[in-house]
Amino acid sequence: MAEKKQDAATAEETVELEKKLDTLVEALSNGSRRERQQAAQSISQIAKTQPELLVPYANDLVDALNRPEAQTRWEVLDVLTALVPYESRTCDKALVGAETALFDEDSGPLRLAAMRFLCKLGATTENRSEKAWPLIDEGIQCYHGDLEFQDMLLAVIDFSTGKLSDKVKQELVARMKFDADNGKGALKKRASLIVENASR
């Protein structure tokens, strides 16, 4: 009996959350700048615990990468990163928005979110690794030494353990070998791990 009540309560909570999501996703396209940022932040919080609830909204989230403000886009990229295991095909459509975000000159958090997304998506199949790799490679070269670079490398470590094509593995090893051999501290450690993973 108690179990049934609990199931009913959980189902009710899910329905409530879905209604809330409808409103939040609507705000991503129709709200003011501030409303969009707040909606994106709330959706990002939900994605941390229940990303599967966001699957029906995947196309709307990809569309939200076209908003002008950086915070909306980085929150949405975090959500799409969480959605990759559930809805990778729709996430493919976010590559253009992620590329634009990766080379945004004004926002470090946006560039980092783009790198995390590209690494997550690129690690899913050999074909995707080949599509994402040129962007990841350029990001590694452009932001080497930047404030976000060490966090970007954490995403590249995850990428290096994914389903990469042999060509991508070889190029990734070549890209990180200098830092693995000559870097210091965390940089050397992370670069060495990437080289090790991609050499397997």
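Axes are taken here as lines fitted to C-alpha atoms, for helices over the stretch in contact, with angles running from 0 to 180 degrees between N-to-C directions. The model is predicted, local features need pLDDT of at least 70 and side-chain atom pairs count only at pLDDT 80 or more, whereas totals for chains, interfaces and linings use all residues. Residues are numbered from 1 along each chain as its sequence is written, and side-chain values use heavy atoms, with hydrogens and water left out.

In contact, meaning heavy atoms within 4.5 Å, residues of α8 including Trp133 and Ile140 meet residues of α10 including Leu172 and Met176.

The axes of α10 (residues 166–182) and α11 (residues 185–198) come within 8 Å and cross at roughly 150 degrees, so that α10 is roughly antiparallel to α11.

A search of the whole structure finds one aromatic pair (ring centres of Phe, Tyr and Trp, the last by its six-membered ring, within 6.5 Å; planes under 30 degrees apart count as stacked, over 60 as edge-to-face and the rest as tilted). The rings of tryptophan 133 and phenylalanine 159 have their centres 6.3 Å apart and their planes at 5 degrees, so the pair is stacked. Tryptophan 133 lies in α8 and phenylalanine 159 in α9, 26 residues apart, and both are buried (under 20% relative accessible area, with a 1.4 Å probe and protein chains only).

Note on methods
Helices (H or I, at least four residues) and strands (E, at least two) are DSSP runs, numbered from the N terminus. Buried means under 20% relative accessible area, exposed over 50%, partly exposed in between (1.4 Å probe, protein chains only). Angles under 35 degrees count as roughly parallel, over 145 as roughly antiparallel, 65 to 115 as roughly perpendicular and the rest as oblique.
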